[in-house]
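Hello,

I have a structure to hand over to you, together with some notes on what turned up in it. Please open it beside this email and follow along.

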Amino acid sequence: MGFILRLLVNALALYLLTQVYSGVFFEGGAAVGSVLIAALVMGIVNALIRPVLLLLSLPLTLLTLGLFTLVVNGVVLLLVAAVTALDTAGFGAAIVGALILTVISWLLDAVVGALGLDGRRA
């Protein structure tokens, strides 16, 4: 149940990102299937590839006091855009989109937690 909920929250976050920021969009419109596939690919990339990128970029992340993580998140969004119907207007748009996506996901996670849908007990 937790996986399905996390997938739906990620899909909603991606959809909301495309609605509030024009630099990230779905080719041919945001069909439900393409949004769910992009959210699934985003979860896989975040679980498998993002930790490797963070490890490889650790010296730069330390040098920039953590700000290079924004670049890594932008690269992750570009990777998802490369294999799904999600598209970005460029590398800068991917970085801004990743930042907005982080804020939207954080807000949605807070709402899900406040409603008690995450399965945790207070």
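Let's start with charges: a search of the whole structure turns up one salt bridge, meaning a side-chain nitrogen of Lys or Arg within 4 Å of a carboxyl oxygen of Asp or Glu. The partners are D109 and R6, whose closest N and O atoms are 2.5 Å apart. This pair ties together distant parts of the chain, as D109 sits in helix α6 and R6 in helix α1, 103 residues apart. Helices here are DSSP runs of H or I with at least four residues, strands are runs of E with at least two, and both are numbered from the N terminus.

Before going on, please keep in mind that this is a predicted model, where local features need pLDDT of at least 70 and side-chain atom pairs count only at pLDDT 80 or more, while totals for chains, interfaces and linings use all residues. Residues are numbered from 1 along each chain as its sequence is written, and side-chain values use heavy atoms, with hydrogens and water left out.

The cut-offs are under 20% relative accessible area for buried and over 50% for exposed, with partly exposed in between (1.4 Å probe, protein chains only).

Now for the inside. The largest nonpolar core has 26 residues, and those with the most contacts inside it are L14, M42, L77, L86 and L101. Such a core is a set of buried Ala, Val, Leu, Ile, Met, Phe, Trp, Tyr and Cys residues joined through side-chain atoms within 4.5 Å. Helix α6 (91–115) is among the elements that give two or more residues to this core, and α6 provides the largest share, seven residues. In soluble globular proteins, nonpolar side chains tend to be buried together.

L101 touches A13, L14, L17, M42 and L77, leaving out residues up to four places away in sequence; a contact means heavy atoms within 4.5 Å. L17 counts as buried because its relative accessibility is 0%.

F3, I4, L8, V32, L36, L40, I44, L48, I49 and L79 form a nonpolar patch on the surface, with about 910 Å² of accessible area together. Helix α2 supplies the largest share of the patch, five residues.

Last, have a look at two loops. S57 lies between α3 and α4, and S57 counts as buried because its relative accessibility is 8%. S57 touches F68 and V72, again without residues up to four places away. L65, in the loop between α4 and α5, has a positive phi of about 55 degrees although it is not a glycine. L65 counts as exposed because its relative accessibility is 78%.

Happy exploring!

Conventions:
Patch = residues over 30% accessible without salt bridge, like charges linked within 9 Å, V, L, I, M, F, W, Y side chains within 5 Å. Areas by Shrake-Rupley, 256 points an atom, 1.4 Å probe, with all protein chains shown as cover.
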